[in-house]
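Please examine the sequence and the three-dimensional structure shown below. The paragraphs that follow lead from the whole chain to its individual parts.

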Amino acid sequence: LLQALHFFVGFGALLSPLIADPFLSDTNCILANGTANASSNLPHIRKSLVPHHPGNLSHYDLPMKGMVVTRVSYAFWIMALINLPVPIAVFFLLYKERMVPCFNGSSHPLLSADELALETRPGDKDELSTAGQRPHPAAGHEDLFSCCQSKNFRGVSFTYFAVHVTGALVLFMTDGIVGEYSGFVYSYAVEEPLAVVHKVAGYLPSLFWGFITLGRLISIPISYRMKPATMVFINVVGVLITFLLLLIFSSSVVFLFVGTASLGLFLSSTFPSMLAYTEDILQYRGCATTVLVTGAGIGEMVLQLLVGSVIHDRGSYSFLVCGMIFGCLAFTFYALLVFFHRMYPKPSPELDEASPEKAAVPEDTGQYQR
């Protein structure tokens with residue numbers, strides 16, 4: 001289910017640039033009145049501003065008034081219309097779950113608390129139904145930081161925190177690679193020594209996201225036969241090898257396209273596989289999901305900023321060097337995660353059967369499912 005969920009994330013990212021591409025202009029977006037007839041001779045606006053160390057940019061006379069030669073606003077209208085059903089569907093779900101303050105009708109929830117649990121063993125059904133009938137506070141809605149209370153961390157070993165941190169760092173690097181590669185592969189391709197035509201280079205982000213989508217689709221049946229830890233290992237090693245080959249064949253345009261597709265394929269299932277892997281270790285008690293998702297989001301933001309600054313100072317080749325460094329760090333953090341996993345104490349069967357918190361586990365997982 002995690003693989004299928006993230007497949008649609010990649011599918012949307014694949015469609016977005018394809019929708020915008022027909023409305024992009026091959027020249028400057030606005031042409032001055034005196035140059036409107038010579039639009040075919042104008043350089044592309046990105047090629048006018050991308051070169052590094054341009055010195056004083058004041059000599060680039062970019063017209064602010066004149067004939068508009070781009071219809072890119074149409075792409076925004078199309079994407080807005082496509083996304084319009086999403087808030088409508090979310091409002092409908094909130095209404096059915098009685099979570100809209102002004103519309104608390106008599107409608108029945110779509111799913112009961114038992115059905116929202118990710119895993120329910122046959123022997124626990126009676127216990128779950130009994131626990132579901134007992135009133136209990138919805139901690140996920142009443143107290144946003146209930147999972148971070150200090151009482152939840154009493155008696156836990158340091159490996160509990162180490163698994164959280166190393167898992168978040170792996171996603172910090174891998175999701176950061178996704179963000180920085182999709183954001184700067186175009187700028188890398190249009191500059192020397194590759195000098196790819198801007199229209200052709202514009203297909204690289206779509207190719208990258210297309211293979212991320214394809215990889216997530218392939219990962220759905222694979223996840224039934226392969227452990228999440230193995231999938232993450234293959235992904236991280238594949239990213240490392242791909243960046244190494246991109247560095248070796250840095251002057252080949254063909255291999256840039258091949259490497260982009262390969263990188264998207266290996267990065268595709270890293271996030272859902274890491275969530276599944278840490279779920280097997282931690283059973284999602286505490287703030288595991290929050291830590292992992294936050295680490296991935298911060299990585300996607302910070303690494304793009306970092307790579308953009310390095311490219312501006314050191315040139316386009318540093319784009320691949322940064323990716324290689326991030327891949328090595330991701331592999332290192334994954335090795336540490338496996339090490340801490342082996343040290344993490346396994347719950348004994350006796351405690352698992354007799355623990356009074358056992359009935360609370362479906363509530364935690366149900367909260368994660370929501």
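Two residues are in contact when heavy atoms lie within 4.5 Å. In this protein, residues 24 or more positions apart account for 78% of the contacts with a separation of 6 or more. The structure is a predicted model, in which local features need pLDDT of at least 70 and side-chain atom pairs count only at pLDDT 80 or more, while totals for chains, interfaces and linings use all residues. Residues are numbered from 1 along each chain as its sequence is written, and side-chain values use heavy atoms, with hydrogens and water left out.

The protein has 17 helices and 2 strands. Here helices (H or I, at least four residues) and strands (E, at least two) are DSSP runs, numbered from the N terminus. Of the 370 residues, 37% count as buried; buried means under 20% relative accessible area, exposed means over 50%, and partly exposed lies in between, with a 1.4 Å probe and protein chains only. The accessible surface comes to about 21,400 Å², and 67% of this area belongs to carbon and sulfur atoms. Such areas come from the Shrake-Rupley method with a 1.4 Å probe, and for residues only the protein chains shown count as cover.

Helix H1 covers residues 2–20. Its 19 residues reach 28 Å from the first C-alpha to the last, close to the 27 Å expected at 1.5 Å a residue; the expected span of a helix is 1.5 Å times one less than its number of residues. Which residues of H1 are buried? They are Leu2, Gln3, His6, Phe7, Gly10, Ala13 and Leu14. These residues cover an arc of only 135° around the axis, which puts them on the same side of H1. The arc is that of the directions from the helix axis to the C-beta atoms. An α-helix has 3.6 residues a turn, so residues three or four places apart point the same way. On the other side of H1, Leu5 and Phe8 are exposed. An unreviewed UniProt entry lists residues 1–20 as "signal peptide"; in the model this span is 95% helix and 0% strand. UniProt annotations may be inferred rather than shown by experiment, and their positions are given in the numbering used here, with feature names shortened.

The interior can be considered next. A nonpolar core is a set of buried Ala, Val, Leu, Ile, Met, Phe, Trp, Tyr and Cys residues joined through side-chain atoms within 4.5 Å. The largest such core has 62 residues, of which Tyr181, Phe208, Phe243, Leu256 and Phe319 touch the most other members. Among the elements that give two or more residues to this core are H1, helix H8 (158–190), helix H10 (203–225) and helix H12 (253–267). H8 gives the most, with 17 residues. Not counting residues up to four places away in sequence, Phe208 touches Val178, Tyr181, Ser182, Thr260, Leu263, Gly264 and Leu267.

The buried residues of H12 are Phe255, Leu256, Gly259, Thr260, Ala261, Leu263, Gly264 and Leu267, and they pack against H8, H10, H11 and H13. H12 has 15 residues and reaches 21 Å between its end C-alpha atoms, close to the 21 Å expected. Ser262 is also found in H12, but this residue is partly exposed, with a relative accessible area of 22%. The C-alpha atoms of Ser262 and Val239 are separated by 8.1 Å, although the two residues are 23 residues apart along the chain.

Helix H11 (228–248) contains Pro228. Is Pro228 buried or exposed? At 19% relative accessibility, Pro228 counts as buried. Leaving aside neighbours within four places in sequence, Pro228 is in contact with Ser273, Ala276, Tyr277 and Asp280.

The loop between H8 and helix H9 (198–201) holds Pro193. A cis peptide bond, with omega of about 10°, joins Glu192 and Pro193. Ala195 is found in the loop between H8 and H9 and has a positive phi of about 50° although it is not a glycine. Ala195 is partly exposed, with a relative accessible area of 38%.

Finally, the unreviewed UniProt entry lists several spans as "transmembrane region", including residues 200–218 and 255–277. In the model, residues 200–218 are 95% helix, with end C-alpha atoms 27 Å apart. Residues 255–277 are 91% helix, and the end C-alpha atoms of this span lie 32 Å apart.
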